[in-house]
Amino acid sequence: MRVEPQKSTLPRSVLFVCLGNICRSPLAEGVFREVLVTRGMERNFLLDSAGTGGWHAGSAPDPRSIEIAARHGIDISGQKARKVSREDFARFDLIFGMDRSNVADLKAIAPEAAQGRIQLFLEFAGDPSREVPDPYYGGPEGFASVYRMIREASEAIATRLDGRVAASESGHASSTM
Ligand code: 4NP
């Protein structure tokens, strides 16, 4: 008898959300993709980013985010800002808010079934006491600090999700999420 592989319930699609979708979430999308590529995990994931506000829809990321990403060998210049849509709550397995107000705004518009998929980015990475602060009105040092927070969190989350992949592929249930 042929045994079909079980359908995976692993998070494979991840949406990064901030307020404007020009500073933090495009950077998080780019950095997380780079971390997955480095680990050979990218084929398992669909990544995107969006903003709870639509003021910058259609715009490229903020030049300061493009610059800090480029300094680390990551090109995010081709991304385009967009506003979160209702369909996102059905399409994405994990929806990360960069700060607590992003999470609250997402939960306020998400259907009941999607509430558990909305997570504070740094909390999911293991650091519940911090948020990724909005760097828009600050200087370039704010972007460098945001980059470091996003990089560390992306490494931690990739490790966490990699454990889930390994557990699933070996047939063991995982309790990491
Ligand atoms: P982001 O930063 O939420 O990280 O993209 C912001 C970008 C734009 C504005 C606020 C925050 N804004 O007020 O236009």
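Biologist: Does Gly51 count as buried or exposed, and at what relative accessibility?
Modeller: The model is a predicted one. Under 20% relative accessible area a residue is called buried. Gly51 falls under that cut-off, so Gly51 counts as buried, at a relative accessibility of 0%.

Biologist: Which residues does Gly51 touch, not counting those up to four places away in sequence?
Modeller: Gly51 has its place in strand β2. Once residues up to four places away in sequence are set aside, the residues touched by Gly51 are Val17, Cys18, Leu19, Gly20, Asn21, Arg82, Lys83 and Val84.

Biologist: What distance separates the C-alpha atoms of Gly51 and Cys18?
Modeller: Cys18 is among the residues that Gly51 touches. Along the chain the two are 33 residues apart, yet their C-alpha atoms are separated by 5.0 Å.

Biologist: How many bridges join β1 to β2?
Modeller: Strand β1 covers residues 13-18, and it runs parallel to β2. Two of the pairings can be named: Phe16 has Ser49 as its bridge partner in β2, and Val17 has Ala50. The number of bridges joining β1 to β2 is six.

Biologist: In what order do the four strands form the open sheet?
Modeller: The pairing in this sheet is parallel. The edge strands, each pairing on one side only, are β2 (46-51) and β4 (118-120). Neighbouring strands are turned against each other by 25 degrees on average, direction ignored. The order is β2-β1-β3-β4.

Biologist: How many of the residues of β1 are buried?
Modeller: Both faces of β1 are covered. On one side Ser13, Leu15 and Val17 are buried, and on the other Val14, Phe16 and Cys18 are buried. The strand is largely enclosed by the rest of the structure, because the buried residues of β1 number six of the six.

Biologist: At about what angle does helix α1 run to β2?
Modeller: Helix α1 is made of residues 24-38 and lies across β1 and β2. Angles here go from 0 to 180 degrees between N-to-C directions. Helix α1 runs to β2 at about 170 degrees.

Biologist: Which strands does helix α4 lie across?
Modeller: Helix α4 consists of residues 100-109 and runs at about 170 degrees to β4. The strands that helix α4 lies across are β1, β3 (94-97) and β4.

Biologist: Which residue has a side chain joined to that of Asn21 by a polar contact of 2.9 Å?
Modeller: Asn21 is in the loop between β1 and α1, with a phi near 60 degrees, a positive value in a residue other than glycine. Asn21 is buried, with a relative accessible area of 2%. The side chain at the other end of the 2.9 Å polar contact belongs to Ser25.

Biologist: How far is a polar atom of the side chain of Ser25 from the backbone oxygen of Ala50?
Modeller: Ser25 is in helix α1 and is buried, with a relative accessible area of 0%. Its contacts beyond four places in sequence are Phe16, Val17, Cys18, Ser49, Ala50 and Met98. From the backbone oxygen of Ala50 to a polar atom of the side chain of Ser25 the distance is 3.5 Å.

Biologist: What percentage of the area that the ligand exposes when taken alone does the protein bury?
Modeller: A polar side-chain atom of Arg24 lies 2.7 Å from an oxygen atom of the ligand. Taken alone, the ligand exposes 350 Å². Of that area, the protein buries 90%.

Biologist: Which residues is Ser154 in contact with, leaving aside its neighbours within four places in sequence?
Modeller: Ser154 is part of helix α6, residues 140-169. At 0% relative accessibility, Ser154 counts as buried. With neighbours within four places in sequence left aside, Ser154 is in contact with Val31, Phe32, Val35 and Phe121.

Biologist: What pattern does the chain follow when read along the sequence?
Modeller: The secondary structure of the chain comes to six helices and four strands. Buried residues make up 45% of its 177 residues. Read along the sequence, the pattern is β-α-β-α-α-β-α-β-α-α.

Note on methods. Residues are numbered from 1 along each chain as its sequence is written. This is a predicted model: local features need pLDDT of at least 70, side-chain atom pairs count only at pLDDT 80 or more; totals for chains, interfaces and linings use all residues. Side-chain values use heavy atoms; hydrogens and water are left out. Two strands pair if DSSP finds at least two bridges between them. Contact means heavy atoms within 4.5 Å. A polar contact is a pair of N or O atoms within 3.5 Å; within protein, one must be able to donate a hydrogen and the other to accept it, and residues adjacent in sequence count only if both atoms are side-chain atoms. Accessible areas come from the Shrake-Rupley method with a 1.4 Å probe; for residues, only the protein chains shown count as cover. Buried means under 20% relative accessible area, exposed over 50%, partly exposed in between (1.4 Å probe, protein chains only).
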